[in-house]
Amino acid sequence: MSSVESHEEQLSQSDPSPSPNSCSSFELIDMDVGSLYEPVSPHWFYCKIIDSKETWIPFNSQDSQQLEEAYGSGKDCDRRVVPTDGGRYDVHLGERMRYAVYWDELASEVRRCTWFYKGDKDNKYVPYSESFSQVLEETYMLAVTLDEWKKKLESPNREVIILHNPKLMVHYQPVAGSDEWGSTPTEQGRPRTVKRGVENISVDIHCGEPLQIDHLVFVVHGIGPACDLRFRSIVQCVNDFRSVSLNLLQTHFKKAQENQQIGRVEFLPVNWHSPLHSTGVDVDLQRITLPSINRLRHFTNDTILDVFFYNSPTYCQTIVDTVASEMNRLYVLFLQRNPDFKGGVSIAGHSLGSLILFDILTNQKDSLGDVDSKKDLSSIFMDQGDTPTLEEDLKKLQLSEFFSIFEKEKVDKEALALCTDKDLQEMGIPLGPRKKILNYLRTRKNSMGINRPTPQSPAGANVSNIHKESEFCSSTNGSGNDEHLDVGIGQVPVKYPRLIYKPEIFFAFGSPIGMFLTVRGLKRIDPNYKFPTCKGFFNIYHPFDPVAYRIEPMVLPGVEFEPMLIPHHKGRKRMHLELREGLTRMSMDLKNNLLGSLRMAWKSFTRAPYPALQASETAEETEAEPESSSEKPSDVSTEENLVAVKQEAPPIHVGMLNGGQRIDYVLQEKPIESFNEYLFALQSHLCYWESEDTVLLVLKEIYQTQGIFLDQPLQ
């Protein structure tokens, strides 16, 4: 017991006591408080595995109160299912387990916690089991009531807890590998602090999320299973994005929250990487992967190859099916769990995920009709758009009289694409119509921009419908034929699924859409083009993001203008950017003043000294000076004038892709990032999940559609 006595002496010296010389100093501490027993207030925790280690995390106060009310509701409490974390998780009280609702995740243990002990390494408090906590509470109640302390308890794991007094309770954990005779538990291990009640431990407990949901946003990830430098999943990154949005709502939409005009925005992740790599393609790749540099090759197979998968017809179909069906499933499930939801839906994509959403949106139909969003997802069909029929194609070629022949031979568009000149001749088609049909099929095949198995492939199925709305893109061959202007040009030949809702806004983070459109052979986007079912489009990127590309130069290729600078969430520009602009203006002012002084000095040196000529030369100088002043300063202050023009220029109308508003929005780099843009390039592509500026722009645009604005507009 020597270690215990020495530990008690240290604590008795550090803790204030009425009588240091008294042998019963522990019992004399807080005698007036000790005589009164108050039941402990429980709080609910759940266990998560973080870095291969169990970590107990408290529920927010609102969820913990709901769990406690359900726990004390009566005999059916074990069958109760309590939604927590804004409805994203369900807690089964009988099982004491927490399950994710919208995505796949390992179930986590739930515990009603009252007693805690300090952990071994991270100094975080770990809750005791509910049964042993009850034993501790009963022992504590007897000690307080009878004023009898120094109670010793032994847990089922041979851990010893000693209650010295209300302020001093210690926990001894047995050391592994003791001899066969055993040893006294209190002599083993370092004593750890024991606390009663969650209010006595250092842990952050949030108040909870607003119950009202104003808007729903689906977030699609990019390549690979990891979404940031900490190799976290899309679920964890979206959790950060959601947490930042809740904080910004309290700081930048405070008036609207106080007036109960807004609740919150729900962000739900959409995962397509796991279904793609569960198709068996990883096994096929492993057979052909070289054994050298194993980790790098595994990273390439698991991450980089996603870009190539998306350009493969087989796996591209899997990806777009997974993304669309998952968003439809989540939407139906969300409505089932939130039947009073009246808000809109938006979508967001990071990196390759934004390109996937872009391709899906461009292949939607303009009108959804009366779609019942609560139907079974199996009833949602795969739509190719308004594909022109064979009869319509023949009518366009003024060959309608031959439709009956094709109908008799049961030849549809796909079969016609496989027909040769000899086949058409055997069907009785004359030479002239045969040449027209074959030329038409050949022209359509070339206009698709890639080698397709058939001239009429699903990627080109949306040509007629989209072009009827407006011209979208110009193919690289520069042809003016309407048939060569196709929103699907260069896309992989797949069937693009239908979404059962109309997204209001499409947010692209660090998006390569512009690059992919260019590589596919598109020169420009017609200013009149807009998504068939989505009104808004924002291309948000970091200036050092190596994957991001602009969109606006494809809409207005002949105009040079800067992207919109996203304001800092605290207002104004970052200090280093303002300092840079200030130094630029100062250098231009100094340059102008210096050149002006040199000009005046040169004139004084070159002025003729003769009095007879002075008057005439003075008159000439007065005429020459305005000319020189109109030429030189304009050359000197060109940059300054450009800056002024930029500041005073009227708003630029960048087509209808975003309803006439700007599309490209660039973040402000941090001061440390401006020192070496190459060093922070990779981090810049993964910075959006925790970027307050990005989240605030998303919230601002979403709530503007509802007529709700920031408390103070940012500049």
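This is a predicted model: local features need pLDDT of at least 70, side-chain atom pairs count only at pLDDT 80 or more; totals for chains, interfaces and linings use all residues.
The strands under discussion belong to an open sheet of 6 strands, and the pairing is antiparallel. Read across, the order goes β2-β1-β6-β5-β4-β3. At the edges sit β2 (53–58) and β3 (81–84), each of which pairs on one side only. From one strand to the next, the twist averages 35 degrees.

What joins β3 to strand β4? There are 4 bridges between β3 and β4 (residues 89–92), and the two run antiparallel. Here valine 81 stands opposite histidine 92 in β4.

Helix α11 (residues 313–337) packs with helix α12 (residues 352–362) at an angle of about 80 degrees, and their axes are 10 Å apart. An angle of 65 to 115 degrees counts as roughly perpendicular, so α11 is roughly perpendicular to α12. On the α11 side, the contact is made by Ile319, Val320, Val323, Ala324 and Met327; α12 brings Ile356, Leu357 and Ile360. The residues of this contact divide into 8 nonpolar, no polar and no charged.

| Stretch | pLDDT | Contacts beyond four places in sequence |
|---|---|---|
| residues 369–386 | under 50 | 35 contacts |
| residues 608–648 | under 50 | 16 contacts |

Terms used. Residues are numbered from 1 along each chain as its sequence is written. Side-chain values use heavy atoms; hydrogens and water are left out. pLDDT is the predictor's confidence in each residue, from 0 to 100. Contact means heavy atoms within 4.5 Å. Axes are lines fitted to C-alpha atoms, for helices over the stretch in contact, and angles run from 0 to 180 degrees between N-to-C directions. Angles under 35 degrees count as roughly parallel, over 145 as roughly antiparallel, 65 to 115 as roughly perpendicular and the rest as oblique. Ala, Val, Leu, Ile, Met, Phe, Trp, Tyr, Cys and Pro count as nonpolar, Asp, Glu, Lys and Arg as charged, and the others, Gly among them, as polar. Two strands pair if DSSP finds at least two bridges between them.
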